[in-house]
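Please keep the sequence and the structure in view while reading.

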Amino acid sequence: MRLRSWLVVGISIALLLAIGAVGISVNRSALRAAETVHRADSLALVTNNGGLAEQVLMVAVKELNDFVTSHPLSMTAGDAGDVAALQEYQKKSANFTYGLVLTDLTGNLLSATGPIGMFPDPQSAAFKPLISDIALGRPGFSSIMTVGSTLIQAAAVPIVVGSQPEAIVYGFIPLAKSQLQEYIVKLRDDSHASMLVDATGMVGASSEPDLLGTHVDPAIMAKIGSSESQFATYTENGHAMIAAVHGGLPGGWAYVRTQSEATFDGPVRNRSLTINLALLTMLLVGVAGLAILGYRSQLVRRRAEERFSALVEHAPDVVTVLDGQGNVVYTSPSGQRILGLTWVGAPVFESIHPEERDLVRERFAALVAERGGLERMQVRVRQADGDHRWFDLTASNQLHNPALDGIVVNARDITDSREMQDRLAHDAHHDPLTGLPNRRRLQQRLADSLRAEPVAVLFVDLDGFKPVNDELGHEAGDELLRQVGARLSACLRPVDVLARVGGDEFVLLLPGVGTAAETTGVIERLRECAAAPFAIDGQEVRIGASIGVHLAAPGEQPDAVLRTADQAMYAVKHRSDRPGRHRA
């Protein structure tokens, strides 16, 4: 019994040590992952701040360029007008408060806002990056220059006449009061120092003003030339330091964020140590409780996964994930149930109706090119039996999302609603009794035809229709109208239009027919069709047709054309010996 107890104790101790080792190992892995994320976030922040600093610099040269383009200068040495324009601009400028200089392309002075002795030496090496940028047709920025105790940066833009540069305007920025300095001070934080340094490593703006004019460590200098954000480590006053450097700014400048390694890594590592201690304590105190909790967590997770799987399987929508080429990577079970297809591995475009396939390819390509983009469309998708059904698709570009890594498409079957819309659209333009176009549709077709060609309009009124209604009933009259519509339609060309415009009245459009001779044969066929007996409820019914004709020329108004054809039919009716015209 005692041996068994010791065995249980030994197993428990071994289990505790194993769990503790696993927990610490996992925590160390999490620490490494957290440090990786922390470093990536720090570099992203430096890149963002460097980009904002670059925008501040570019705003300054845009202001200078706006002055050059809106104030024509004579570019003559000592011109009083040029000097006055430069001095007036200096008073208004928020950037170039130190002064401005106008030179020719070789550097000879033309005009300045003050004595030439107050400006930096034109032969200074600090002008080299500025001159290089100007030579490439870009705005230029210099490195830091010192006049007396004042730190100065120069920005320059060429004055272009026609398509050739003729002179250069230099604007000088006192760095201690510059907008860059104001911007950097806003980024001040007790845990780190932010600064902008030139290509020589001299600090031109800093969240700690005392650093202006000092030089950064050589380890930082080694990273300034690269436009890719990088870390640099060095030692300062016996303390390990780390700097995030984003170079490649105009004029060879760089944004630098420095702090001690203790403040950079300390919060993450201290938290890891605390977690380790907590893990050991929890393991020593409650291994049994943790095991039970782990079991219950697994049970809850399994049930949640089962619930999610059941919801996806029975959902009415089809969820599909595509790769960047349009191949199906995943599709929900509802896709098999609704379409009878297994798409995985196949290009989705092959299942799209040919009429929409090119459009889908085009919009898919645009979606892939837009990070986080969204597209909605309605297309027909082929089923396993070859028929097509309408789907409303919502596609989202999640290629950048590691959890999805694809184009996520939610598809809802809208075939019934589309068919309902089509029926409503058809009913709005067709006679419900005969299925022929109604007056609205007739006027549209007539207007379209009259834009380009003549149209013969035949207004047909049935003779003897009212007695059929009176003697056999309205149902018989409706059946007679249906048969008349079908019989008249059979007498026409494919391009002709037959419409029922009310009661026992029909209108026939003959596009391209512009002479009375061309209508004679049609009228005779229509009369013969109408005169032939109809079988209605087992009885033989005979009627006739009065037909009025109007030859409409291109450009006539549809309403006027129909009125004229109606009047022509009235004239035919009154000349006829047959019974008078009846209206249902």
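Strand β17, residues 455–463, pairs with strand β19, residues 505–511, in the antiparallel sense over seven bridges. The model is a predicted one.

- In general, the strands of a sheet pair through backbone hydrogen bonds, in a parallel or an antiparallel manner.

**Helices that meet the sheet**

**The packing of α11 and α12**

- Helix α11 (residues 465–472) packs with α12 at an angle of about 140°, and the two axes are 6 Å apart.
- Because of this angle, α11 is oblique to α12; the roughly antiparallel class would require an angle over 145 degrees.
- On the α11 side, the contact is made by Phe 465, Val 468, Asn 469 and Leu 472. On the α12 side, it is made by His 474, Ala 476, Gly 477, Leu 480 and Leu 481.
- The residues of this contact comprise six nonpolar, three polar and no charged.

**The end of α12**

- Ser 489 is located in helix α12 and is partly exposed, with a relative accessible area of 33%.
- Leaving aside residues up to four places away in sequence, Ser 489 touches Leu 436 and Leu 498.
- Ser 489 and Leu 436 are 53 residues apart in sequence, while their C-alpha atoms are 9.1 Å apart in space.

**The disulfide**

- The whole structure contains one disulfide.
- This disulfide joins Cys 491 and Cys 529, whose sulfur atoms are 2.3 Å apart.
- The link of Cys 491 and Cys 529 is left-handed, with -75° about the S-S bond.
- Cys 491 lies in the loop between α12 and β18 and Cys 529 lies in helix α13, so the pair ties together parts that are 38 residues apart in sequence.
- Cys 491 is buried, with a relative accessible area of 16%, and Cys 529 is buried as well, at 15%.

- Strand β7, residues 193–197, is mostly covered, with five of its five residues buried.
- Ala 193, Met 195 and Val 197 point one way from β7, whereas Ser 194 and Leu 196 point the other way.
- β7 pairs in the antiparallel sense with strand β11 (residues 254–260) over five bridges, and Thr 258 in β11 is the bridge partner of Ala 193.
- β7 also pairs in the antiparallel sense with strand β8 (residues 203–206), over three bridges. In this pairing, Met 195 stands opposite Ser 206.
- The hairpin of β7 and β8 has five residues between the strands, and Gly 201 in this hairpin takes a positive phi near 90°.

- Most residues other than glycine have a negative phi.
- Met 75 has a positive phi of about 60° although it is not a glycine. Met 75 is placed in the loop between α1 (2–70) and α2 (80–92) and is partly exposed, with a relative accessible area of 23%.
- Asn 237 likewise has a positive phi, near 55°. Asn 237 lies in the loop between β9 and β10 (239–246) and counts as exposed at 73% relative accessibility.

**Thr 235 in strand β9**

- Thr 235 is found in strand β9, residues 230–236, and is exposed, with a relative accessible area of 56%.
- Thr 235 and Ala 219 are 16 residues apart in sequence and 9.4 Å apart in space, C-alpha to C-alpha.

Definitions and conventions. Residues numbered from 1 in each chain as written. Predicted model: local features only at pLDDT ≥ 70, side-chain atom pairs only at ≥ 80, totals over all residues. Heavy atoms only, no water. Pairing = 2+ DSSP bridges. Helix = DSSP H or I, 4+ residues; strand = E, 2+ residues; numbered from the N terminus. Axes fitted to C-alpha atoms, helices over the stretch in contact; angles between N-to-C directions. Parallel < 35°, antiparallel > 145°, perpendicular 65-115°, else oblique. Contact = heavy atoms within 4.5 Å. Nonpolar A, V, L, I, M, F, W, Y, C, P; charged D, E, K, R; others polar. Disulfide = S-S within 2.5 Å. Buried < 20%, exposed > 50% of the residue type's maximum accessible area, 1.4 Å probe, protein only.
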